[in-house]
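Colleague: I am new to this structure and would like to learn how to read it. Please take me through a few features.

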Amino acid sequence: MNDFAVFAPALWTAVFCLLLAAGLLTRLWLAGRQMRHVAQHRAAVPAPFAERIGLAAHQKAADYTIAKTRLGLIETSFGAALLVGWTLLGGLNALNQGLLAWFGPGLLQQVALLAAFTALGALLELPLSWYRTFVLEQRHGFNRMTPRLWLSDGLKGAAVGAVIGLPVVALLLWLMQAAGPLWWLWAWGLWMAFNLLLLVLYPSLIAPLFNRFEPLQDPALKTRIEALLARCGFQAKGLFVMDGSKRSAHANAYFTGFGPAKRVVFFDTLLQQLAPGELDAVLAHELGHFKRRHILKRIALMALLSLGALALLGWLVQQVWFYTGLGVTPNLMQPNGALALILFLLVTPLVGFFASPWMSALSRRQEFEADAFAVAHADPRDLASALLKLYKDNASTLTPDPLYVRFYYSHPPAGERLARLGA
Ligand SMILES: [Zn+2]
């Protein structure tokens, strides 16, 4: 063995540990800042909101934010422990060896490895998911789920994931084995096609498995919204109301599908909370995302990133140190596609975390652009009061830590957003 072969795995282990520790410490530090900042501003409603938000609502938002951030701390620590368990402590290696003994080498074993890894990961996260719904959300008055619905959601999700995911995974692993050194280019084509297909199928086939969608009934509201859509030059196939209240009191509205199959979906909770003018403004904001091509831009960015990621994986899959440095013994003279893919999926978030300030900044800029579009097509006062209602009803804090915002917030905090609207 030459020097590099000895040295490389140890170096890779060190880089991995460094990335993991730096990411973990940064996350814990940011969460601590957020909790302290919110707690320090809990006693009084900030001046610009003093007339419109009561002290009780402000303190409810503070308590909810702190509780959510604290749970995030536990999730982060648990995730880091799990990552070390899978890699350096040998979890993934043991799973791989076990399945090799069971199935023997081949495509079936590879698919089984990916499926088992995903299923185990999901099972290990169940307790925290349960806690989030039935303790955190429940305690703050947002949860509407029953344990029965939670269970059926989980089972349905797993079934849908298996039906859609297994064939795609099998095809991907087959490409890695059979498509030659440029397999990653083919895999990228498969990945893009799969995502576009999902975009088309999701609203009509998958979403209805979990929620009921009914055409918007209220004739006055319908006329109003259709007028707004026409004013913005937007064609949608239909206006739907979704029974979001089945699971949570949080409210939302969104567009889904693309091309002529676009549809507008309102959560029933949103219709209950907002006045007609405010609904117009929220919808105009969502239209702004479409008109400013934010969705297309996001798809293009993802396409570019996934191409880069797959090219990198195409190289890493052949490097022995990539496996051994992370506690895994690659199969000799056998394909290692599934192992490489899993390790890659485990490691990329460590690097991705440090890119989150840029991604969040991009997202927040797009929110401002959508707001600007909305005030050009609806009443700015309506947008301001709708946003304020949503921040209040979702118990979003008005006083987040500025650095925490920079890292994580996909939407600008209420203060900045309303200031831009001149409210
Ligand atoms: Zn938005």
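Predicted model: local features only at pLDDT ≥ 70, side-chain atom pairs only at ≥ 80, totals over all residues.

Colleague: How many disulfides does a search of the whole structure find?

Modeller: A disulfide is a pair of cysteine sulfur atoms within 2.5 Å. The search finds zero.

Colleague: Is Cys232 buried or exposed?

Modeller: Buried means under 20% relative accessible area, exposed over 50%, and partly exposed in between (1.4 Å probe, protein chains only). Cys232 is buried because its relative accessibility is 7%. Cys17, at 34%, counts as partly exposed.

Colleague: Which residues does UniProt list for "binding site"?

Modeller: UniProt positions are given in the numbering used here, feature names are shortened, and annotations may be inferred rather than shown by experiment. The unreviewed entry lists His285, His289 and Glu367. They span 83 residues in sequence, yet no two of their C-alpha atoms are more than 8.3 Å apart, so they gather at one spot.

Colleague: What does His289 touch, not counting residues up to four places away in sequence?

Modeller: Contact means heavy atoms within 4.5 Å. On that basis, His289 touches His294, Ile295, Gln366, Glu367 and Ala370. His289 is also buried, at 11% relative accessibility.

Technical notes: Residues numbered from 1 in each chain as written. Heavy atoms only, no water.
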